[in-house]
Amino acid sequence: MSIIQDTQPAANPFATYGATNTAKSAADDIQDRFLKLLVTQMKNQDPLNPLDNAQVTTQLAQISTVNGIEKLNANIQAMASSFNAGQSLQAATLIGKDVLVPGSGLRLAGAGGVFGVELAQAADEVKVTIHDASGREIQVMDLGPKPAGPLALAWDGKTADGAQAADGAYSVSVRALRGDQKIDTQTLAFGSVQGVSQGNQGVQLNVGTLGMVGLADIKQIF
């Protein structure tokens, strides 16, 4: 059975008022075209083999499904835009704030340096090792038992032999135990949020020499 389609473009009596006055949502446009095809099909059906109720019901259900999907997509897009706007606003309030983010770097300047660790579980024993630029171990900090979560720490710049380390770049590593079991840990670097940008990966924070990080990477704010 063929379906007759009107190939002549419909006149637009509102064209002089601009496209915004005649635009329809994608969902409404799809529904109009679907209904037009269904009505045309019913008008031109074979009288000896007409559409049965099941066929009509199925096609009407398809209209409802397509329309519902289009509206759902529109709602999701609106929610995503609102979420991104909220994230941008939240991120902007962090400009100028000091934060801890994943990283092993430690900058020693003047009175000391700040860094952090994050423990997946509470630990009975936590030890942090500080290395110089060549990777040589220069100090071990025995922190004892610590709870789960992020923990801000400070190093006074003293080496294991009591000497004062020179200002500059260092790195840290951490080892944590609960009984005899090793616990998952993460070292955290200290930096200051200098700017915010919106890209393909969402809201990104510029944390100076630590680079760009996401909002979810912020473990602690000072």
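Predicted model: local features only at pLDDT ≥ 70, side-chain atom pairs only at ≥ 80, totals over all residues.
The protein contains two helices and 13 strands, and 28% of its 222 residues count as buried. Among contacts between residues at least 6 apart in sequence, 67% join residues that are at least 24 apart. The protein exposes about 14100 Å², of which carbon and sulfur atoms supply 53%.

The largest nonpolar core comprises 20 residues, and those with the most contacts inside this core are Phe115, Val128, Ile130, Trp155 and Tyr170. Two or more residues are given to this core by each of the elements β2 (105-108), β3 (113-119), β4 (123-131), β5 (137-146), β6 (149-155) and β7 (168-178). When its neighbours within four places in sequence are left aside, Phe115 is in contact with Leu100, Leu106, Val128, Met141, Leu151, Ala152, Leu153, Ala154, Trp155, Val172, Leu188 and Phe190.

Val114 is located in strand β3 and is partly exposed, with a relative accessible area of 31%.

Side chains of opposite charge can pair when their charged atoms come close. In the model, the count of salt bridges comes to three. One of them is formed by Lys219 and Glu118, whose closest N and O atoms are 3.6 Å apart. This pair links distant parts of the chain, with Lys219 in the loop between β12 (212-214) and β13 (220-221) and Glu118 in strand β3, 101 residues apart. Lys219 counts as partly exposed, at 27% relative accessibility.

Another salt bridge joins the side chains of Glu125 and Lys127, with an N to O distance of 3.7 Å. Glu125 is partly exposed, with a relative accessible area of 29%, and Lys127 likewise counts as partly exposed, at 34% relative accessibility. The side chains of Asp132 and Arg136 also meet in a salt bridge, at 3.2 Å from N to O. In this pair, Asp132 counts as buried at 14% relative accessibility, whereas Arg136 counts as exposed at 52%.

Definitions and conventions
Residues numbered from 1 in each chain as written. Heavy atoms only, no water. Helix = DSSP H or I, 4+ residues; strand = E, 2+ residues; numbered from the N terminus. Buried < 20%, exposed > 50% of the residue type's maximum accessible area, 1.4 Å probe, protein only. Contact = heavy atoms within 4.5 Å. Areas by Shrake-Rupley, 256 points an atom, 1.4 Å probe, with all protein chains shown as cover. Core = buried A, V, L, I, M, F, W, Y, C linked by side-chain atoms within 4.5 Å. Salt bridge = Lys/Arg side-chain N within 4 Å of Asp/Glu carboxyl O.
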